[in-house]
Amino acid sequence: MGYIELMDISKSYNKQRNVLNGIDLQIEKGEFFVLVGPSGSGKSTLLRMIAGLEEISGGTLKISEKIVNHLPPKDRNLSMVFQNYALYPHLTVEQNILFGLNAQKVDREIQQKRLEETAQMMGLNELLKRKPRELSGGQRQRVALARAVVSEAPLCLMDEPLSNLDAKLRANMRIEIRRLQKRLGLTMVYVTHDQVEAMTMGDRIMVLNDGIIQQVGEPIDLYNKPSNLFVATFIGSPK
Ligand code: ADP
Ligand code: MG
């Protein structure tokens with residue numbers, strides 16, 4: 001049984017045509033799972049449904065063996081990092097990192113302890129009193145990751161978290177995110193439209209096109225045994 005189970009999941013917005021169709025998928029605990037596909041293929045929609053930010057039109061979603069179709073995001077015990085990671089501009093790095101714990105009214109002492117551990121782990125000790133505008137793109141991204149880490153949620157969802165960064169930084173952050181995921185034993189669902197990112201980061205990869213799963217497998221299998229022309233072309237072609 002998977003940690004996350006999607007059974008015949010479908011989605012349509014405003015009763016229009018389905019943007020996701022018959023998605024059957026299991027994601028294992030501690031796995032780095034990548035959703036990859038071209039723009040408009042339904043990756044973000046799928047991730048938002050797992051997060052509870054988007055209603056599910058059909059099918060069943062389970063997390064940790066519990067049906068969560070109608071469970072609000074705050075009760076799903078997960079963290080999220082998005083593309084334009086939306087730090088609060090008027091808050092310091094420290095306040096940004098602690099925003100979620102504060103909202104949950106976590107005890108002050110515990111907040112402080114978790115902040116110290118997280119800042120240490122993410123190399124943010126020197127930056128805690130700064131405002132987001134005083135940070136580089138890479139530093140901002142690290143604060144966004146710190147916000148996810150500090151929550152101590154066992155499941156982390158990321159939607160194209162690196163697409164605003166330049167190529168060199170992106171390569172570094174890929175390694176950093178992988179390291180973090182391993183170290184914390186997180187279950188990761190990571191969305192990207194970048195084949196290279198998918199192939200270098202994923203334990204397993206799901207290729208999505210037009211709302212339909214094309215293939216699920218380890219990077220080497222997708223590369224050596226693509227199940228159709230779409231996968232072969234998409235995985236094989238340089239970005
Ligand atoms: P991806 O993340 O792979 O680019 P999305 O999940 O954002 O794909 O979008 C999948 C499809 O759903 C697209 O056709 C998109 O236009 C449509 N879509 C996404 N969000 C909405 C929305 N809030 N309302 C209506 N249609 C949407
Ligand atoms: Mg998207």
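Predicted model: local features only at pLDDT ≥ 70, side-chain atom pairs only at ≥ 80, totals over all residues.
## The six-stranded sheet

One open sheet holds six strands. Their order is β6-β7-β8-β3-β9-β10, and the pairing is mixed. β6 (78-81) and β10 stand at the edges. Each has a single partner strand, so one side of each lacks a neighbour in the sheet. Neighbouring strands are turned by 15° against each other on average, with direction ignored.

Strands of a sheet pair through backbone hydrogen bonds, in either the parallel or the antiparallel sense. In this sheet, β7 (residues 155-159) and β8 run parallel and share five bridges. β3 (residues 32-36) and β8 also run parallel, again with five bridges. β3 runs parallel to β9 too, and four bridges join that pair. β9 and β10 are antiparallel, over five bridges.

## Strand β8

Strand β8 covers residues 187-192. Six of its six residues are buried, so the strand is largely enclosed by the rest of the structure. In a regular strand the side chains alternate between the two faces of the sheet. For β8, both faces are covered. Thr187, Val189 and Val191 are buried on one side. Met188, Tyr190 and Thr192 are buried on the other.

Tyrosine 190 is the bridge partner of valine 34. β8 also belongs to a right-handed β-α-β unit, made with β7 and helix α5 (residues 167-184).

## Strand β3

β3 is mostly covered, with five of its five residues buried. Phe32, Val34 and Val36 lie on one side, and Phe33 and Leu35 on the other. Both of these faces are covered.

## The nonpolar core

The largest nonpolar core has 58 residues. Which of them touch the most other members? They are Leu35, Leu157, Val189 and Tyr190. Helix α4 (residues 137-150) gives the most to this core, with seven residues.

Tyrosine 190 has contacts beyond its sequence neighbours. Leaving out residues up to four places away in sequence, tyrosine 190 touches Phe32, Phe33, Val34, Met158 and Met201. Phe32, Phe33 and Val34 are among the buried residues of β3.

## The four-stranded sheet

A second open sheet has four strands, in the order β2-β1-β4-β5. Its pairing is antiparallel. The edge strands are β2 (18-27) and β5 (66-67), and each pairs on one side only.

Two bridges join strand β4 (residues 58-63) to β5 in the antiparallel sense. Lysine 62 stands opposite isoleucine 67 in β5.

## Helix α1

Which residues of helix α1 (residues 43-51) are buried? They are Lys43, Leu46, Leu47, Met49 and Ile50. Seen down the axis of α1, these buried residues fall within an arc of 160°, so they line one face of the helix. An α-helix has 3.6 residues a turn, so residues three or four places apart point the same way.

Just after α1 comes glycine 52. Its phi is positive, at about 90°.

Glutamate 152 has a phi near 60°, a positive value in a residue other than glycine. Where does glutamate 152 lie? It is found in the loop between α4 and β7. Glutamate 152 counts as partly exposed because it has 14 C-beta neighbours inside 10 Å.

Aspartate 210 is also a residue other than glycine with a positive phi, near 50°. Its place is in the loop between β9 (204-209) and β10 (212-217). With 15 C-beta neighbours inside 10 Å, aspartate 210 counts as partly exposed.

Notes. Residues numbered from 1 in each chain as written. Chains lettered and ligands numbered in written order. Core = buried A, V, L, I, M, F, W, Y, C linked by C-beta atoms within 7 Å. Buried ≥ 20, exposed ≤ 12 C-beta atoms within 10 Å, placed from the backbone. Contact = placed C-beta atoms within 7 Å. Pairing = 2+ DSSP bridges. Right-handed = clockwise from strand over helix to strand, strands pointing away. Arc of directions from axis to C-beta. Axes fitted to C-alpha atoms, helices over the stretch in contact; angles between N-to-C directions.
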